[in-house]
Amino acid sequence: MESGKFVIAAQEAEAMAKTAGVAALKELLPLLVSTAQRLARPPISNYPVGAVGLGTSGRIFLGVNLEFPGLPLNHSVHAEQFLVANAAAQGEAGISCIAVSSFPCGHCRQFLQEIRGAGEIQILVTSDEDAAFRPLSSLLPHRFGPFDLLHKGIPLLLEPHDNDLGSVESAVIAGGGQEVYEGIEKEGIQQRLRAAAGAAAKASHAPYSGCAAGFAVADGEGRVYAGSYMESAAYNPSLGPVQAAMVGYVAACGGVGGEYRGWGIFAAALVEKEAAAVSHEGTARIFLEAVAPGAHLNVYRFRSSATV
Amino acid sequence: MEEKPARLTGGRFLIQAEEAEAMAEEAGVAAVTELLPLLVPAAQRLARPPISNYRVGAVGLGTSGRIFLGANLEFPGLPLNHSVHAEQFLVANAAAHGETGIRCIAVSTVPCGHCRQFLQEIRGSAEIQILVTSDEEPAFRPLASLLPLPFGPPDLLHKGVPLLLEPHDNALGATVVPGGGGGRGLSDAIGEGGMEQRLRAAAEAAARASHAPYSGCAAGFAVADVDERVYAGSYLESAAYNPSLGPVQAAMVAWVAAGGGGEDGGWGIVAATLVEEEAAVVSHEGTARIFLEAVAPGVHLKAYRLRSSKAD
């Protein structure tokens with residue numbers, strides 16, 4: 001399998017399973033975990049985690065952990081969260097099984113509760129002596145989850161969301177120099193960043209706060225990567241839109257990372273609700289200061305009366 | 001009968017061992033452990049969750065026999081990972097009071113995975129007894145039953161490294177590295193007013209006591225109210241990284257636990273000080289700034305970055 005590939009189409013997955021001589025796609029997952037681990041970027045812990053998930057579409061999604069020096073640890077992305085954010089960005093409707101290199105921590109066991117039928121997701125840990133698939137419900141019994149807070153019928157994670165963003169207010173410009181700003185203006189990158197972050201906000205999962213949000217980053221080649229906010233019923237395990245965008249970035253190009261200064265991020269855009277109870281503006285600024293100093297950030301605030 | 005013990009807590013977050021015994025007797029329960037669920041409603045009333053309006057109260061029994069309360073805190077205008085869960089509050093509260101172990105916890109809602117993970121930082125966490133008062137048949141069960149096959153400190157640390165609630169005395173550098181945003185030299189700090197000195201001393205002491213064995217980045221934060229009372233909190237790291245309790249949050253725990261807080265639900269913070277290591281791979285300076293912007297606009301953060309040769 002070529003390195004840097006974070007999504008495997010269903011047909012290719014079937015072919016790989018045949019080549020590997022396994023009877024079911026599920027059995028292919030643990031065989032791909034070490035490949036995933038090699039794509040991880042954990043410069044703080046140097047503890048790479050790889051996760052491989054099978055979507056209900058038959059596609060396979062990879063996830064790896066990401067860590068960002070100079071920031072608090074809650075900016076980190078766990079491999080299981082990466083996998084889910086990756087799947088969500090690809091429009092995957094469900095995850096049936098996940099193979100992972102270490103036991104999922106409580107934070108991830110909680111984050112996974114956002115998926116409908118979470119209890120039945122099969123989890124296999126390759127470092128386990130008796131590595132076998134077991135249901136998530138056995139790893140987080142007597143769970144706290146979406147239905148402790150939401151009415152049934154509200155879309156859960158991986159289900160279609162189409163949040164009403166109302167009217168988007170004019171941009172607030174923060175960070176970056178005038179040159180950078182003019183540069184991105186010229187290339188139309190600002191427009192594309194705004195559109196991508198807006199689309200990500202529309203697709204975001206924020207039923208607890210009602211605060212849809214999306215974030216997009218552009219690299220030096222003018223390519224744009226976006227991510228949607230994904231809220232957790234337990235609040236703290238939520239995946240911020242900035243982190244979701246980094247997942248999109250790493251998943252798309254294997255991750256421009258340490259080799260390039262500032263992750264190669266040139267500009268970014270945040271779309272979120274005006275006067276949001278949950279706002280990502282400050283955290284996006286400090287993220288860019290640490291990870292891509294000099295990158296230009298535009299913040300767009302929308303006014304919406306609809307709840308998410 | 002259930003209301004009486006709750007009223008006796010009088011808004012306090014710590015009950016000394018003798019008083020806990022007396023309360024248990026008065027409530028007619030055989031053991032102090034049975035008193036815990038009766039105090040959960042009192043803890044819930046102390047919660048400040050303006051985003052969810054979902055109050056969680058937690059009541060824990062320390063190995064010293066003292067009872068600690070915890071309540072959830074939420075901060076509008078910030079990302080949700082600035083929130084403090086009741087169980088984390090309880091543990092941070094206990095740690096700040098030098099408690100060395102937690103035997104049981106009664107809580108109003110079943111602990112989420114984030115908290116079940118955070119609790120792993122305590123030695124012997126598997127045996128911590130947890131009771132959920134909202135259960136149909138509330139009963140104490142071991143934490144191991146709520147988080148089987150855990151990921152935790154033993155996965156990353158050598159035996160012998162102090163765990164949460166065990167004494168920490170992190171070596172902090174003596175040299176304050178001047179820098180932008182309020183860092184200053186040692187001699188300048190000495191010339192500061194009394195309150196600033198106390199803030200710095202409190203944040204430093206909190207940093208020395210902080211639990212950061214994974215990153216090696218000790219950190220402490222202190223805030224002062226309009227009466228110049230100082231509250232400080234230590235960074236409490238989690239093996240799973242994301243559930244870590246930041247020093248800012250730990251300081252807010254200390255503030256609430258001491259009965260602080262402005263009127264009308266405002267916080268009334270007048271000054272804030274962070275002590276952490278220079279060029280720390282885990283730095284709280286930026287997050288402390290955005291926290292203050294949202295919670296105490298106009299308050300300038302003083303950040304002391306210490307140069308240290310020894311990691312935690």
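Predicted model: local features only at pLDDT ≥ 70, side-chain atom pairs only at ≥ 80, totals over all residues.

User: How should I read sequence separation in contacts, and what share of the contacts in chain A between residues at least 6 apart join residues at least 24 apart?

Analyst: The idea is to ask how far along the chain the two partners of a contact lie. In chain A, 69% of the contacts between residues at least 6 apart in sequence join residues at least 24 apart.

User: Let us turn to annotations. Which residues does UniProt list for "binding site"?

Analyst: An annotation comes from a record, and one then looks for its residues in the model. An unreviewed UniProt entry lists A:N65, A:L66 and A:E67 under "binding site". A:N65 sits in the loop between strand 3 (60-64) and helix 3 (79-89) of chain A, and A:L66 lies in that loop between strand 3 and helix 3 as well.

User: Why does A:N65 count as buried?

Analyst: One compares the relative accessible area with a cut-off: under 20% is buried. A:N65 counts as buried because its relative accessibility is 7%. A:L66 is likewise buried, because its value is 0%.

User: Which residues does A:L66 contact, apart from its neighbours within four places in sequence?

Analyst: A contact list shows what surrounds a residue. With neighbours within four places set aside, A:L66 is in contact with A:R41, A:S76, A:V77, A:F82, A:M246, A:V247 and A:V250. For A:N65, with residues up to four places away left out, the partners include A:R41, A:Y47 and A:V77. A polar atom of the A:N65 side chain also lies 2.8 Å from the backbone oxygen of A:Y47.

User: What other residues does the "binding site" annotation cover?

Analyst: The UniProt annotation, again from an unreviewed entry, covers A:H78, A:C105 and A:C108. These residues are spread over 31 residues of sequence, yet they cluster in space, with a largest C-alpha distance of 9.1 Å.

User: Where are A:H78 and A:C105 found?

Analyst: One places a residue by naming the elements on either side. A:H78 is in the loop between strand 3 and helix 3 of chain A, whereas A:C105 lies in the loop between strand 4 (95-100) and helix 4 (106-111) of chain A. A:H78 is buried, as its relative accessible area is 12%, and A:C105 counts as buried at 4%.

User: How is the size of an interface given?

Analyst: It is often given as the accessible area lost when the parts come together. Chain B and chain A bury about 3700 Å² between them, with 62% of it on carbon and sulfur atoms. In chain B, the residues that lose the most area to chain A are B:L80, B:Y241 and B:N242, together 19% of what that side buries. In terms of contacts, 48 residues of chain B meet 46 residues of chain A.

User: Finally, how many residues of helix 4 of chain B are buried?

Analyst: For a helix, one counts its buried residues and then asks what covers them. Helix 4 of chain B (residues 86-96) is mostly covered, with nine of its 11 residues buried. Its buried residues are covered by elements of chain B including strand 2 (57-62), strand 3 (67-71) and helix 10 (247-257). After helix 4 of chain B comes B:G98, which has a positive phi near 70°.

Definitions and conventions:
Residues numbered from 1 in each chain as written. Chains lettered and ligands numbered in written order. Heavy atoms only, no water. UniProt positions renumbered as here; feature names shortened; annotations may be inferred. Helix = DSSP H or I, 4+ residues; strand = E, 2+ residues; numbered from the N terminus. Buried < 20%, exposed > 50% of the residue type's maximum accessible area, 1.4 Å probe, protein only. Contact = heavy atoms within 4.5 Å. Polar contact = N/O pair within 3.5 Å; in protein donor to acceptor, adjacent residues only side chain to side chain. Buried area = accessible area lost by both parts, 1.4 Å probe.
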